[in-house]
Amino acid sequence: MDEKDMELEKLDDTLEDNVPQEKIDETGLENKDGVNYETNDNWQFEAEAPTLNNDLFDGDIDLPAPKPSAEPIAYQSPAAQAEVKDSRKKELLHFIPTALLVLAIAVMLVVLGVRYYTVPNGKEGKMMNPASVVSTIDGTKVSIGMFNYYYSSMVTYHENYASYGYFDLDTTKDYDSQYTTDADGNQITWKAYFEQETLKEIEQLTAYYTAAVKDGVQLTDAQKETIDSQLESLKTSASSQNVSLNEYIQKNFGEYCSEDTLRLMLEQYYITANYKGKLASETQISQDEIDARFAENESKYNTINFSYLMLEYDSTDDQTKEKSKKAVEDYLNKITDRDSIIDLVPEVYKDLIDQEAANAMASNEDMTQEEAEKTAIASYEQRIDATITGSDTPFSDEINEWLFSDDTPVGSKNSYIDESMGNAYLILKTEKAKLLDDKTYSVRHILIQPEEEGVEQDENGNAKFSKEQIEAVKPKAEEILEKFNSGDKSEYSFALLAEQYSTDTGSTSAGQNGAFGGLYEGVNLGQMVPSFEEWSVDSQRKYGDTDIVESDFGYHIMFFINNCSAYEAQIISELKNEKINSIAENADIKHNERVIENAVSSFYSSRNAAASSAENQTAQ
């Protein structure tokens with residue numbers, strides 16, 4: 001999922017639309033002949049049952065002599081007797097550990113109780129009991145509360161976007177009877193998809209977090225403050241509803257989810273971001289690696305502009321599917337050039353235009369309907385053009401190949417139907433593909449600026465500092481640069497200083513962009529202030545160069561990484577990500593299917609109960 005970071009976005013929302021969770025089945029046992037039996041066959045107990053190992057038996061065991069029998073014992077050679085003795089020895093060794101294991105389990109059940117293994121009762125951390133553990137990833141336990149948080153977030157995310165038409169998901173119907181396509185192209189139910197994607201999120205985050213902790217990566221002070229602020233915001237929301245924080249969290253994120261769960265989730269999120277940032281700063285890509293990747297698939301690093309229209313495509317049954325297919329054919333026949341697409345905008349996007357016009361009039365009483373419609377139409381006319389690269393995958397491989405191929409003439413048209421999303425795209429090729437060879441640069445920076453309180457702002461909301469105010473913070477910038485130079489002068493050391501001192505939250509983890517360490521990567525010309533860009537594109541620049549640059553925003557302490565063409569910047573990013581992603585791909589992952597099944601069942605039972613309760617209240 002991006003994905004916007006769903007974790008922080010969920011915490012910032014009002015959370016009004018989520019529903020409370022019911023308790024998981026208290027026993028989780030199967031009754032046979034009046035006795036309750038545990039039906040799960042893959043529990044992993046916290047305590048290890050005592051077993052025998054080879055060190056306990058260094059020599060031969062003297063087995064007791066057999067009792068005389070009524071029948072005479074046939075003569076056995078010494079070799080045969082030794083074989084029998086050895087066989088009895090193996091049988092005894094096999095029997096004793098099994099007996100001890102059964103005894104140990106029985107003792108633990110008597111001492112701890114069956115509920116210890118069947119009903120979640122632990123908190124986040126090492127105190128979780130077996131029924132509290134959904135997964136173990138590289139030795140780190142994931143609680144059922146954490147699973148509930150991610151699962152409810154995953155469902156809510158897709159439901160919200162489905163309301164805008166991004167997903168072909170009917171929120172009024174059972175998710176176990178609706179199908180979508182997973183990352184491997186398999187048809188699965190939405191219910192299975194949500195579980196699959198939730199576990200992916202958990203696996204990725206926990207694998208990186210575990211590796212980060214082992215590497216000694218910690219939270220920054222700014223991140224700690226952000227976490228406290230997020231939880232304080234939730235406390236305020238809980239107080240407004242006259243409930244405790246944990247009650248509020250469970251209502252919105254599920255049973256067994258608590259303040260400790262969300263704090264741990266946020267800590268894992270930020271520590272993971274820090275660790276990925278550390279790996280990125282320490283991973284260098286050679287020119288040979290860049291050239292080799294480019295040679296593998298040159299077309300992947302091309303870019304192309306095209307125009308398109310998007311239609312609704314209903315494939316509910318044969319009749320609606322045939323009607324949708326006919327609409328695609330009719331509109332495609334009407335397209336001859338870009339102007340013809342513009343002419344079709346009012347018809348194709350009529351409902352969306354009407355809605356946008358109505359919203360505009362509601363917010364501006366002086367606007368007439370004609371003006372509102374004209375503005376809305378112009379808005380959708382500007383959306384008919386798109387740009388993608390060969391590495392993007394908005395369409396099928398077949399359509400992408402058709403679009404990027406030099407054998408496809410400019411002016412050609414085609415359609416792409418995405419039944420899972422309920423959309424059809426009518427595509428017009430408006431130019432040939434070209435290599436992504438625009439000049440770019442990558443740097444890290446630490447922005448030091450004066451206090452903004454009481455300072456006048458420009459039309460963009462940026463503080464307008466005086467020359468004197470900017471000059472006053474130069475000593476601080478020089479002090480930070482000296483601190484960097486007195487250390488190991490590594491890129492990671494610079495990144496940590498950026499996290500500590502930079503006021504540019506857009507390039508650090510203090511912001512919402514997923515950035516770390518003051519990084520600006522693959523920047524196109526013209527995006528930054530002149531002094532910043534001039535320093536960055538200097539042809540004499542080499543990796544690790546540092547300096548202080550002045551701008552209207554304050555002083556920028558600069559760290560140079562590279563300047564190169566856009567396709568090379570893309571390859572560098574790809575190769576770094578592949579090396580970093582190998583950590584999660586090689587993680588040791590174990591899932592407790594029984595706990596997962598209980599958690600998912602509880603989620604939908606709670607939603608159904610809440611919906612039923614709401615209907616009853618409405619009826620009354």
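Predicted model: local features only at pLDDT ≥ 70, side-chain atom pairs only at ≥ 80, totals over all residues.
Is D138 buried, partly exposed or exposed? Residues are numbered from 1 along each chain as its sequence is written, and side-chain values use heavy atoms, with hydrogens and water left out.

D138 counts as partly exposed, because its relative accessibility is 26%; buried denotes a relative accessible area under 20%, exposed over 50%, and partly exposed the range in between, for a 1.4 Å probe and protein chains only. The residue is placed in the loop between β3 (133–137) and β4. Helices (H or I, at least four residues) and strands (E, at least two) are DSSP runs, numbered from the N terminus. The phi angle of D138 is near 50 degrees, a positive value in a residue other than glycine. A positive phi, of about 60 degrees, also occurs at N242, likewise not a glycine. N242 is located in the loop between α6 (221–240) and α7 (245–253), and with a relative accessibility of 72% this residue counts as exposed.

Strand β7 (residues 302–312) pairs with several strands, where pairing requires that DSSP find at least two bridges between two strands. With strand β10 (residues 423–429), β7 forms 7 bridges in the antiparallel sense, and L309 lies opposite L426 of β10. An antiparallel pairing over 5 bridges links β7 to strand β8 (residues 385–389); here I304 has I388 as its bridge partner. Strand β11 (residues 434–435) is joined to β7 by 2 bridges, again antiparallel, with T303 facing K434. In a regular strand the side chains alternate between the two faces of the sheet.

Helix α4 (residues 144–162) contains N148, which is buried at 7% relative accessibility. Apart from residues up to four places away in sequence, N148 touches F253, G254, E255, Y256 and A599, contact being defined as heavy atoms within 4.5 Å. In helix α5, E195 is partly exposed, with a relative accessibility of 23%. When neighbours within four places in sequence are set aside, the contacts of E195 are Y151, E593, I596 and V600. The C-alpha atoms of E195 and M154 are 8.8 Å apart, although the two residues are separated by 41 residues along the chain.

The second largest cavity has a volume of about 50 Å³. A cavity is a set of points, on a 1 Å grid over the protein atoms alone, where a 1.4 Å probe fits but cannot get out; lining residues have an atom within 4 Å of a point. Grid points are joined across faces, edges and corners, and the volume is the space filled by probe spheres set on the points. The lining of this second largest cavity consists of T140, K141, V142, M146, Y150, I202, L205, T206 and Q268. Two or more of these residues come from each of β4 (140–143), α4 and α5 (190–214). By class, the lining comprises 5 nonpolar, 3 polar and 1 charged residues, with Ala, Val, Leu, Ile, Met, Phe, Trp, Tyr, Cys and Pro counted as nonpolar, Asp, Glu, Lys and Arg as charged, and the others, Gly among them, as polar.

The structure holds 0 disulfides, a disulfide being a pair of cysteine sulfur atoms within 2.5 Å. C257 is buried at a relative accessible area of 0%, and C564 also counts as buried, at 13% relative accessibility.

Methods
1 Å grid on protein atoms, 1.4 Å probe; cavity = no way out; pocket = protein on both sides within 12 Å on 5 of 7 lines; lining within 4 Å.
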